[in-house]
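Trainee: Hey, could you walk me through this structure? I'm new to it.

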Amino acid sequence: MERNRHKDILDTMEIYTYIAELMRIPLGKPAERYNREESGERGIACIRAREFGSYRGLCLRENSTRRRIEALLKETARAEKAGLPRLPVLRAELRRETLRLAELTMRRRRLEERRDSLEGELVKMVVQYRYFDDPEKRIPTWNETARELGIALGGDELRRYVCKHFEELR
């Protein structure tokens, strides 16, 4: 079994803390799901996971908005020098994009604050690796997360444990 050594959970956690976290994980039925409630509606854990999953998209949109603002600033500067009549339109678009960037930045920061408010080292590490590390890549599966972090659990058990903490976050 090959692991990525620089992301191994035991490199950042004491062995006793790791064992204590593993002992808190209940062994449930494989069919038991934390993503849906009994009535079939989406549960709070699914909503939290979806919010954390939107982090990568927020980062990408934030970067593209920054690039758009840079292009608009260049175009506005050229229009000011040349005295072009479309200068008010460019300035309005620049204001709109700046407000959009501020909104995206605030949403990203709220997600980061929510991540920091999670309880338990293991949950924080899993959420950090799964949703926040390397925003250009796709979200890894639960099995990949457990394998890459060196957690001695299957993907389903890890998902149930993390989703249980999402439900307690309310």
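Predicted model: local features only at pLDDT ≥ 70, side-chain atom pairs only at ≥ 80, totals over all residues.

Trainee: Okay, where is Glu112?

Mentor: Glu112 lies in helix α4, which covers residues 87-116.

Trainee: And is Glu112 buried or exposed?

Mentor: Buried, because its relative accessibility is 18% and the cut-off for buried is under 20%.

Trainee: Which residues does Glu112 touch, leaving out those up to four places away in sequence?

Mentor: Tyr55 and Phe132. With Tyr55 there's also a polar contact, side chain to side chain, at 2.8 Å.

Trainee: Switching topic: which residues of helix α2 are buried?

Mentor: Helix α2 runs over residues 44-53, and its buried residues are Ala45, Cys46, Arg48, Ala49 and Phe52. They span an arc of only 160° around the axis, so they sit on the same side of α2.

Trainee: Why would residues a few places apart end up facing the same way?

Mentor: An α-helix has 3.6 residues a turn, so residues three or four places apart point the same way.

Trainee: Got it. What covers the buried residues of α2?

Mentor: The cover includes α3 (55-82), α4, α5 (121-132) and α7 (155-168).

Trainee: How far apart are Gln128 and Glu112?

Mentor: They're 16 residues apart in sequence, and 9.4 Å apart in space from C-alpha to C-alpha.

Trainee: So what is Gln128 in contact with?

Mentor: Setting aside neighbours within four places in sequence, Gln128 contacts Arg115 and Asp133.

Key: Residues numbered from 1 in each chain as written. Heavy atoms only, no water. Helix = DSSP H or I, 4+ residues; strand = E, 2+ residues; numbered from the N terminus. Buried < 20%, exposed > 50% of the residue type's maximum accessible area, 1.4 Å probe, protein only. Polar contact = N/O pair within 3.5 Å; in protein donor to acceptor, adjacent residues only side chain to side chain. Contact = heavy atoms within 4.5 Å. Arc of directions from axis to C-beta.
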